[in-house]
Amino acid sequence: MKRLPYVAFALWFLLLAAVPFLASNYFVKIATFLAMYAALALSWNFIGGYTGYPSFSTAAFFGLGAYTGALLQNAGLWVGLAWACAAVVTTVFAAVIGFAILRMRGHYFAIGSIALVEALMLVASILADLTGGGEGLNVKIMPGGPDYIGRVFLYTMLGIMLAAFITTVLVDRGRLGFGLRCIQQNEDAADMVGIDTRRYKTAAFALSAVFCGAIGAAYASWVAYISPSDSFSILLTLKVPVMVLLGGPGTIFGPIVGSAAFVMMEETIWSKYLEYHQAVLGLVIVLLIFFLPGGVLRVFRRRAAA
Amino acid sequence: MDYGQVVANGLMIGAVYACIAVGFSLVWGVLNVINMMHGSFIMLGGYLTFFAWLHLKVSPIVSVVPVAAILFVVGYLIQYLMINRVVMQPVLTTLTLTFGLDMILYNFMNLWFTATPRRVVLDLGRLDLGGVILPLDRVVAMGLALLLTGLLYTVMRTSRIGRAIVAVRMDRDAAALMGIRVNKVYAITFGIGALMAGACGALVAVVFPITTSVTGLFLGKAFVICVIGGLGSVPGALVGGLALGLIEAFAGFWFSPQTAILAGFVIMLVLLVVRPTGLVGRRGYE
Amino acid sequence: MSILEIQGLSKSFGGVQAVKNVSFSLAEGEIVGLIGPNGAGKTTLINLITGVFPVSAGRIVFQSRDVTGQRPFQAARSGLARTFQIVQPFSAMTVLENVVAGALFAGAAPSRAEAEREAMAHLEFAGLAGEARRPAASLTLPSRKRLELAKSLAMKPKVLLLDEVNAGLNSAEIDQALDIIRRISARGITIVIVEHLMKVVLSLSQRIIVLHHGELISAGRSDEVVNDPRVIEAYLGSKFAARYGTARPV
């Protein structure tokens, strides 16, 4: 078992954790986004990378977690508990919905998963009495100065990322990961070999929701204001799979490498090309599809083997 | 407002919806590619029509033809140069590619045209059929939408290229063995998809405000219609479009405009689980 | 004691009846040949037994339990394994990993390490031990067939349904395959072998079942079935059967 990637990850983790003591609040914010997107990417990797089902539900889980967490927090529940409940609610939702939409494959599954995002967004807008509708929802702001708050959320996101990472390692090495890989290559053959494909797919889908829900809830508390279009953002739901594709789907470290590269690239583009930033992102995606079909990690692996 | 009016509204808008979706459905059914740029193509057609109307005083009804031609060329080139390279790859790849291309298109449309809503105002008066009011601009849009859809149907059934497209849709490899140049068929199909989107964009400009913010809305409707009506078939898109028009009209009447849109998605999700082939179409590719 | 009993099994797809009221039973340890002209419904029958298609009518009783309507993974776990006519390995995985899949899931190995040990043993049995680390996609056709066999053995089957396991093999390769199948049978596994090649069927099976247009038209000892006029008619037409179809030693 090659230790190097694990050591690199540990160093990266420690570096991010040390940012508050090394740099300004701007960098603390960047570090928080790095952790956040790494967790989202690792989550998607379960259903999209290992199982090979093209899911675009990330925003559905993120938004559901955000609204659940925000509403529970506003109702008086302690922040940490609100986040945990949001994660549970999102996971149950994924398991129940998964039962229905995981029966479809390929394009139909993709469409179904996008429809989830749209449908939830519309529900959030329609239930305006509960959620504030299109005007958005204010969340109770955490007491404390900006430095303190910055640190709290950085460590929260890092914590969720670590949990997602450990889960990924366990899945990758265990029976579930092996079974998911079989399903990805040939679902019917996997069935024939004794894999309960329905249960395994639902597990992957639920795992892909757990951390998204937690991240969504934490995000809501962090920015203290959410609205349907931000929380159920189609842009988010499309960016996350691209990050994993960039880094290498179905691997432990691919999502981390891909999300880090993407976030840093986006930050640079934002500052330089504000007006064209969407077009530049689009261009990056197009180039990625044409030139790096296996992700960055595949390129490294090829070089290592040569 | 009585139910007759609701039905009339639903059918009028449904015809335009059908036209919007038929190109999307064709591309999905034949190339197995979900074209995320479809909504933007519609708006592009709308913008071109609007500016022709504003600056050149050209009526949208006339603009349909040149706009359709321009969009066909745009679509053909995009497919031939870019999408063709990934057309056999899994859905995640093709969808992400068209999504990336759409981001580029969207950005430039925003910069050139700005997101301010534009509306072509054709004051043609209205028809009153026993209490049901039919604004004539909508009637004209509906009529043209049905005409375009009918034209496409005829082309698909009678022309050589139409038969070739159907052949490729049924069995790509067999079609290639029959001497059909599959890549060319793909490019033409994608071009037709863009053409229909642009032409309907011209019609949409008469009925809705044109703005980049609604590209996603129209794309979403195209999805729903494909699932309701089935993939790759013109009659399917017609049935799906009219059905969606009616669903939205009734849901909007009973609840609210947002519920109208939600109703479409919920029906789509239910159909995906229960009967993904749609009400009319054959089983699409997975 | 019959290990597998099929009672009145029928299956229609839309208007087409692929399997009509088929009944038979398998005794433990037998090798039974399942033959019939193309389109007779042999593969459909196997798909029904392993739960790939739901039955339209009838019952499947496996080890005295009614398992009609079970799903494929349940059939696999309970000891009903099958191979495919067109071999479907997990192509991105190695040969070893393919067999590990069988051992780990249907074969209920307690751990990955144990599954790998079992998998290596099965690969040795099938003569593929040397290819263990190679990608499954790189194997030749005969090796892929042996991989299928190794994978299905790893599933610890009680009944093994072999669907045209010799398709595409030459004469020498077929003899090798036959040898493996005999050794599998020697382990006590009940085998149903779907085959077109009469030499294979006659040399392996003690009993033969014949399907034609989805119906079971003959079942019994190999030499009897081969001379049954109905069987001859099914394969060669009624005129031929009328001329040759009286009991004649082959």
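The model is predicted: local features need pLDDT of at least 70, side-chain atom pairs count only at pLDDT 80 or more, and totals for chains, interfaces and linings use all residues. Residues are numbered from 1 along each chain as its sequence is written, chains are lettered from A in the order in which they are written, and side-chain values use heavy atoms, without hydrogens and water.

Chain A brings 38 residues to the contact and chain B brings 39. The area buried between them is about 3,600 Å² (accessible area, 1.4 Å probe, that two parts lose on being put together, summed over both). Carbon and sulfur atoms give 82% of this area. In chain A, the most area is lost to chain B by His107(A), Tyr108(A) and Ile111(A), together 23% of what that side buries.

Three helices of chain A each give two or more residues to the side that touches chain B: helix 5 (106-126), helix 12 (234-247) and helix 14 (277-291). Helices are DSSP runs (H or I, at least four residues), numbered from the N terminus. Helix 5 of chain A supplies the largest share, 14 residues. By type, this side of chain A holds 28 nonpolar, seven polar and three charged residues.

Terms used:
Contact = heavy atoms within 4.5 Å. Nonpolar A, V, L, I, M, F, W, Y, C, P; charged D, E, K, R; others polar.
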